[in-house]
Amino acid sequence: WNSIASVRVKEQGIVELVLDVEPLAGKSIVIVPSIDDRGKIVWSCMSLEIKDKYLPAECRSAKKGQVQQ
C-alpha cells in the first residue's frame, strides 16, 4: 500500500483512492458502486486525471471496467 496516499469513502459508497507514487502522486482513481439487473453490486472504476496507460485494465476508458461481488 505504499502507493496509496489516502482512501476516502464518499456519498453513495463511492471510494476515492489518492495515489502517492510518481508520476501519479496526488491523482485519484474512483470506484463507484451500482446495482445490476439481478440485484448484485457492480463496481466501476475510472479516473479523469490519469492516462489509461497507467490505469488497471478494468479502469481504462475503452472498457469501463466492472467487478461484480
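Buried means under 20% relative accessible area, exposed means over 50%, and partly exposed lies in between, using a 1.4 Å probe and protein chains only. The views below show a predicted model, in which local features need pLDDT of at least 70, side-chain atom pairs count only at pLDDT 80 or more, and totals for chains, interfaces and linings use all residues. Residues are numbered from 1 along each chain as its sequence is written, and side-chain values use heavy atoms, leaving out hydrogens and water.

View A. Let us begin with E16, which counts as buried because its relative accessibility is 10%. A salt bridge here is a side-chain nitrogen of Lys or Arg within 4 Å of a carboxyl oxygen of Asp or Glu. E16 pairs in this way with R8, with 2.9 Å between the closest N and O atoms, and also with K10, where the closest N and O atoms are 3.4 Å apart. R8 is partly exposed, at a relative accessible area of 42%, and K10 is likewise partly exposed, with a value of 42%. Together, R8, K10 and E16 are linked in a network of salt bridges.

**View B. The salt bridge of D36 and R38.** The structure holds 3 salt bridges, and this view shows the one between R38 and D36, whose closest N and O atoms are 3.4 Å apart. R38 counts as exposed at 58% relative accessibility, whereas D36 counts as buried at 18%.

**View C. The disulfide of C45 and C59.** Counting pairs of cysteine sulfur atoms within 2.5 Å gives 1 disulfide. C45 is joined to C59, with an S to S distance of 2.0 Å. The torsion about their S-S bond is about -110°, so this disulfide is left-handed. C45 lies in strand β4 (residues 41-46) and C59 in the loop between β4 and β5 (66-68), so the pair ties together parts 14 residues apart in sequence. Strands are DSSP runs of E with at least two residues, numbered from the N terminus. Both cysteines, C45 and C59, are buried.

**View D. The largest nonpolar core.** A nonpolar core is a set of buried Ala, Val, Leu, Ile, Met, Phe, Trp, Tyr and Cys residues joined through side-chain atoms within 4.5 Å. The largest one has 10 residues in all: I4, V15, L17, L19, L24, I29, C45, I50, L55 and C59. Strand β2 (residues 15-19) gives the most to this core, with 3 residues. Take a look at I4 too: leaving aside residues up to four places away in sequence, I4 touches L17, V18, L19 and D20, where contact means heavy atoms within 4.5 Å.

Notes
Helix = DSSP H or I, 4+ residues; strand = E, 2+ residues; numbered from the N terminus.
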